[in-house]
Structures are given as C-alpha cells and as structure tokens.
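Here is a structure to explore through questions and answers.

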Protein chains: 2
Amino acid sequence: MMSEKKAHDALDRRSFLRASGLAGAGLFATSAPVLSQQGKPDPAITDVQDWARNLGPGVVSSPYGKPSEFEKHVIRRDVEWLTAGKESSVSFTPLHELDGVITPNGLCFERHHSGIAHVDPAKHRLMLNGLLDRQMVFTMDDLKRFPGRQNRAYFLECAANSGMEWRGAQLNGCQFTHGMVHNVWYTGIPLKTLLDEAGVKTNGKWILAEGADSSGMTRSIPLDKAMKDCMVAWAMNGEALRPEQGYPLRLVVPGWEGNMWVKWLRRIEVGDQPWHAREETSKYTDLLADGRSRRFTWIMDAKSVITNPSPQAPLKHKGPNVLTGIAWSGRGSITRVDVSIDGGKNWRTARMDGPSMPLSMARFYVDFDWNGQELLLQSRAMDSSGYVQPTKNDLRQVRGTNSIYHNNGIQTWLVRANGEAENVEVS
Amino acid sequence: MMSEKKAHDALDRRSFLRASGLAGAGLFATSAPVLSQQGKPDPAITDVQDWARNLGPGVVSSPYGKPSEFEKHVIRRDVEWLTAGKESSVSFTPLHELDGVITPNGLCFERHHSGIAHVDPAKHRLMLNGLLDRQMVFTMDDLKRFPGRQNRAYFLECAANSGMEWRGAQLNGCQFTHGMVHNVWYTGIPLKTLLDEAGVKTNGKWILAEGADSSGMTRSIPLDKAMKDCMVAWAMNGEALRPEQGYPLRLVVPGWEGNMWVKWLRRIEVGDQPWHAREETSKYTDLLADGRSRRFTWIMDAKSVITNPSPQAPLKHKGPNVLTGIAWSGRGSITRVDVSIDGGKNWRTARMDGPSMPLSMARFYVDFDWNGQELLLQSRAMDSSGYVQPTKNDLRQVRGTNSIYHNNGIQTWLVRANGEAENVEVS
C-alpha cells in the first residue's frame, strides 16, 4: 500500500495542473497524424475502413433500435448461486458500463417474485377500494385522462441491494454488489389525485398496493406517504413501462425500498392499519443481532459506489484517468460525494456533473493521474438532510450481520498495480 | 367551428373546478368495483387473468430488455414517397406515443446519407489536424481518459423537420411533420478540451467536422461555437451511442441544425475560413423567393407541436382529456408555451412539467374538458431570448416557400366532432 503522502500527491496533480493553467496541455504524447502513440503506422488511420467504403443498411433495418453489436457485453446479469429459481429471481444493472444519471430501460435491474407478467393493457384495471367514499375501477385510458400528469426522475433501489456484503466482501463487481438500483424518468399522475377522486374516509390511515402478477405482491404504505409524492406511472424514460418493470402500470414510491413500488399495479385498498403482508413480515424486515427485527424500514439511506474503476472495469493505462460513480439518497438530494484512494484515511470532494434532483441518482467524477500505485478506493455520499454514508463496520455495530437488507455502507475496491480491481474491506 | 366564447368556456372549465375546490372530484362516473363504467360486469375485473394465475418468464429471458409486445406500433416510421432510396433516408420519431422530455434511444429519428455505418470502436480514431500546434490522433480509450467529462441534455432537430409544410399542410401526423427531433442526455467531453490539447493557432477561425461513413459528411463550424459548448460524445441516455446515432463517437452542436452533429466523427480540422462543403452549399441552405439563398443558418429557432391529440392520436372520449406537446429552442430554454383551441384567436398558457433546461426539450400540458366540439389546436413557444414562435404565414412572408429547411411555424390540428384530427392551416 502506498503512503498517505503519495496517495495525496497522485490525486492532487490534476488540480495542480488546473491551478497553474496547464490543464489540458500535454495529457497525451504528441503523435503525427498517421502514427499510433507508439510511433508505428496505425492501419486504423492509414487504411480505408469498410464502413467508409460501403453503403450501410437503411432506416427500415430497425424500426425500434438496438445497441451496437460491439456492445453485446452490456447486459443485465444474474448470479447463478443466488437466483437458482429463475422465476423468483434477480438481474443486475451493469453500472460499470453506464454513465450520466439515467438508466436505459433495457438495462434496469429486475426483481420478480413470479416472473415477468405479460399484461394486456386493454384488460388491465386499477381498483380503489376500502375506506373510501366511492369504490372505483379505472381503465388505462381513464388514468391517462386525469389532470395533473407529471414527469419525475427517481432512483429505485431494492432493499437487498448490497445485501450479500453484510458478512464481508463477497461479490466481485459493482454490477453485483450495487446493481439493484436504477434511475428513471416516470410519467403518470399523483396517487393523491386518485385517492381524492374516490374520497378517503377520515379513518383511512394506510393503503395496500397489490400487483396483478401471480405472486400476489402486496405492501402496506402509510397514507401520508401515499398523499405526499407517490405516483401511478405508465411510462419510463419517455415510453411505456417495460414488461419487467410493471407494464402497463406501476406504483412509484420515491426514496423508499423497491419492493414497495408494486408492479402491474391492479388495486389500492385504504385501511386504518397496516396489513402485515408476507413482504413486510417474513421478508423485508431487518433481523438484528439480538433476534429482534426492525420493521417498516422503508427509506433507502444515502449511498454511493465507484463504478469505474471496479472489478469489472480495471484501470488500463497509467497517466490520466477518470474515476466515476453514482450516489443517491431516499431523504433528499445528494449534496456532495467524497472519494478516498487510501481506504478512507484522506478524502477529497468529487466533481458532480449532471442534474442533482431530489430522490434521484447523482453522478460524480474525479480526474486523476495514476502512476501504477495500489489504490484503496472508497466513496462517501452526503445528502441534503445532512446524513453522511457510514462505513460497513459502523452499520454492523448497530444492526449486526443477520439481515440482508438496507446495507448502505461504504464500498472499497482494491486496485492492484496491474490495474485489476477487487472487492475488499478495510478495518 | 364553435364560437370564441364556447372555446374559451371549454378550456376554462377545468380551471373553474380548481378555483372552486372541486378539482379531482367527480371527474368520472362512480362505479361499483366489479362493474364497468357501463354498469355491466367487466370480465377484466371479475375474471382471474392468465398473468395472475401462471408464472411468467424469468430474468434470463431478456438480458437487454425490449418493449411489451402490446407496444409494437410504437416505432420509427419512414414516408415511402419521401425516402425512396433507403440508404440515404429518414425515419421519424413517434412523438405522439411518447411523454416526458427524454426520447428513448430506440426511437430517436434517423437521417443517414449513406446508411448506418457499423463501426468497430477498437478501429475508430479521431484525428485533429490543420491550424494546430500539434496534429493528434485519439483512440476511444484516449477520449474516455480526459478530465472534465460532462452530461448534458440537448434536443437535436434536422433542419428539414417540418420542411414539407412550407407549401401547405401535407403530412398527416406529428410523427411525420415534426418527428425529426429528439432529446437525449449526452456523455462526453467538451470539444474545447481537445482543441486546447492540440493548441489552436491564432489564425484558426473555423473547424471542419468529418464523419467516418461512406457519405463523406463534412460541415464547417465557427471556432467560437466549437469552443463554447460543442461536445465529443460517446454515450446517449446513459449507454453507448446507438449505431444509427454515430457509434462510437458523435459531435454535439447544441441548438444547431442536426446535420452539423456529425456522426461516426473521425476528424476535426482547424482552418481560417469555412470549407463550403456540399452540405452547406447545395444542401442545408434556404432558397428565398428572389432566388438568393440564406447560408449558415445554423440555429434552430423556437418551435413547438401538440403531440396529443393529433392525427395519429385522436380524442377518444368526451369529458376530461389531457392535451400535451413538446417545445424547444436553439437560443435558450423554453419559458412558456401558449395553446389555442380556436385557431389562434384566443390563447391560454399551458402548464409545463419536467425540467426546462437550455437547448433541451420541454413538455407542456393543458388539462381540459371536451364536449365534442370541433377544435383548431395550436401551440406557440416562447424562449429565454424573448423570441416567440411565428405562424407559418409570417415565415412565408419573409422567406418564401422555396426552402425545405428551418420551418418553425405554428402547427394547426383540426379535431373533428368524432375526435379524429387532421393537419390543416388557418389563414
């Protein structure tokens, strides 16, 4: 491990260049136009490539477009030993292949409890029942005619994201340690609009959200949250919801654990107490060291992860490099992310780029020079409530290691001298 | 055509409901939970659907996800008589099927001059030559190591968008009249960073951007614009550029006509004057009534269109309805959109929802009740420079009808009593 002084110097060289007005000058060796950086003729420059010689396929080749064949490795992945039953399973977003703050629809992680329901929107209904002035049923067409349609970007994180890490560094890649999160623009209407339409009786204090798939997914949500910012959404990132994200209708519960964002939403019941459904008793509760369980731990606390470099995205070059990652908080917006290259001894504030919206993912960067030294990379998010992302050990002291939920501890990647990275913990 | 008074009343009923505290109450007929709005048992409610009875496919079924089979009509389309040669052709974004402000990658319109180049990123190079201190060549890896990576949302509009409408209402659907625009988050680095790295000589005043496809696409851009906000981008909406959008590298020229956003970008040359390339002389110039041509008309002026209702998206129900559309300006952000339902006699300010970012698309809504009257729908955008979108006739008085470019005139849809809409003009 390098010394603190060296680590500090490595991260500071770039800012020195900036301060002295040299930023952008001489980052790369000068090269003559037809020579590679190694000084040899580069056929990628000197040869006329096929695509510059021949007509390509026309517009009718893909009425709905797909990624380049050279991007075939950019896919959701599962973990064989974790998801043996494919219908009740998980796929993970390839965070290390993405940038910016929006997750493309085709790469949003999945968590199914009975596989993907392929619902015909013409046959889909949303029922409102329980402690209401009027029991009501809406078609998809009805919902799209309500006033007050809105667009909001929110992160959605599974409560079990990073859950395998409670007992130590286990999964080697941010796709697997942190890939149960995505960030999407939703279009829909406030749930409040529907509840107001039906008229909540004064003793109504909770809602139950129910999905139309065969898992019978149900979750209880306090009425206050339902009225505050929950949405009934039919579009993501501009187009209809994807089947695996609840097409044609899903509940959006901003900042709260993903399991509550009921997919294929078919019913909202209003009651005077929670329902104590399977997914809020046997599952999605946090077993503490003394055998008691925390329940109704809905809010996803501030969290961050460095996506590049990481085990699936090693450093390939000495010299200038871009470190990047993502941060999010269920309590507000991300106000700052600090990065350490020495396992948390020294920190510097990362540069944020892209919008910082409440309950939405933020993107950070550190531009740095790498001299081939070992790095112990960490990131630490802060949110607008003043909350600071804790270490994993801090969390374990309070919550023990029995749970698989709500692990928002600081992640460490060891980057070796050959550039390869590994999931490790520092004490 | 209804009277002005009636038109005004129709649009104002919703705001009346709001003012009187009745908004959200009684928008739809009350229905018992198992009855349809018509009072008959609704099998969509009373029957257990297949998807609630059976397990669906698991996560491995689509490592890169696709839209629902029920959304197969949501595709880019071409116009047969307009795009006979498929390689040099156009496809249009289905604006009437989208919402929010971001265009999904699979639906971004295409304009190719030699078809889609399928470029191997390992063999792609970006050359900087001309009036520079150092001639340089970069690999994709090099570009991703530069400091200052950024994320920006920008609209891209083809200069010929709405071009068929100069001579009167021709194409029946906003996909075809306005579908050569999309709005995307780009990730990349400022072009300024690369130009600074190479060192622009004092007599360098213009750049030439060149694409790697077989069309030999080249455009001249003033150095001031190149240094101000142009980007060299490799990602769109979080993931790698799509092949039809210039994978692996495209130039981003915010607010300026789409043809200048050179795809498959392989070379930037710096010179002391423009190159007068084919695409800025024979094409992408605006032939005026007197036979002279406007040249270098780069900026896309403020424009808007109502996407719903429109010819491809008729009104289906009387009573509450949501009118929506998009607006954008190459001179700043959209500050306001007005909507008329009587062909421009009376206007009311639409509600904006979603972010209003500079040189990026904005979304507007009008929640209204429709009593089955005929409507002459128009929208009129205003931007942060104070510019107001003109009528088509205003434009024709100044520019004649010879051109196919830069038609940002106000669009009119006639909505008939049966809800169907048609592209018309009002004098």
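Q: What makes the four strands β15-β16-β20-β19 of chain B an open sheet?
A: The 4 strands come in the order β15-β16-β20-β19 in chain B, with antiparallel pairing. The edge strands β15 (303-308) and β19 (351-352) of chain B each pair on one side only. Strands here are DSSP runs of E with at least two residues, helices are runs of H or I with at least four, and both are numbered from the N terminus. Two strands pair if DSSP finds at least two bridges between them. This is a predicted model, in which local features need pLDDT of at least 70 and side-chain atom pairs count only at pLDDT 80 or more, while totals for chains, interfaces and linings use all residues. Residues are numbered from 1 along each chain as its sequence is written, and chains are lettered from A and ligands numbered from 1 in the order in which they are written.

Q: How do you know that β16 and β20 of chain B pair?
A: Strand β16 (residues 319-328) and strand β20 (residues 362-370) of chain B share 9 bridges, and at least two are asked for, so they count as paired. The sense is antiparallel. Within this pair, Asn321(B) stands opposite Phe368(B) in β20(B).

Q: What makes β3 and β4 of chain A partners, and what do they form?
A: Strand β3 (residues 125-130) and strand β4 (residues 136-139) of chain A run antiparallel and are joined by 4 bridges. Met127(A) has Val137(A) in β4(A) as its bridge partner. With 5 residues between them, β3(A) and β4(A) form a hairpin.

Q: Which residue in the turn of the β7(B) and β8(B) hairpin has a positive phi?
A: Gly216(B) does, with phi about 60°; 6 residues lie between β7(B) and β8(B). Strand β7 (residues 206-211) and strand β8 (residues 218-222) of chain B are antiparallel and joined by 5 bridges. Ile207(B) stands opposite Ile221(B) in β8(B).

Q: What about His276(B): buried or exposed?
A: His276(B) has 10 other C-beta atoms within 10 Å, and is therefore exposed. His276(B) sits in the loop between β12 (265-271) and β13 (286-287) of chain B, and has a positive phi of about 55° although it is not a glycine.

Q: Why does Val398(B) count as exposed?
A: Val398(B) has 9 C-beta neighbours inside 10 Å, so Val398(B) counts as exposed. Val398(B) belongs to helix α8 (residues 392-399) of chain B.

Q: What makes Val232(A) and Val232(B) stand out in the largest nonpolar core?
A: Of its 203 residues, these two touch the most other members. A nonpolar core is a set of buried Ala, Val, Leu, Ile, Met, Phe, Trp, Tyr and Cys residues joined through C-beta atoms within 7 Å. Among the residues that Val232(B) touches are Leu143(B), Ile189(B) and Leu265(B). Two residues are in contact if their C-beta atoms, placed from the backbone, lie within 7 Å.

Q: Where is the cis peptide bond that involves Pro309(B)?
A: The cis bond runs from Asn308(B) to Pro309(B), with omega near 0°. Pro309(B) is in the loop between β15 and β16 of chain B.

Q: How do you know that the two copies are related as by a two-fold rotation axis?
A: Chain A can be laid on chain B by a turn of 180° and a shift of 0.0 Å along the axis, with an RMSD of 0.0 Å. The two copies are thus related as by a two-fold rotation axis. The superposition is by least squares on the C-alpha atoms of residues with pLDDT of at least 70 in both. Pro104(A) comes closest to the axis of the residues of chain A, at 4.0 Å (C-alpha).

Notes:
A residue is buried if 20 or more other C-beta atoms lie within 10 Å of its own, exposed if 12 or fewer, and partly exposed in between; C-beta atoms are placed from the backbone. Lists of a residue's contacts leave out its neighbours within four places in sequence.
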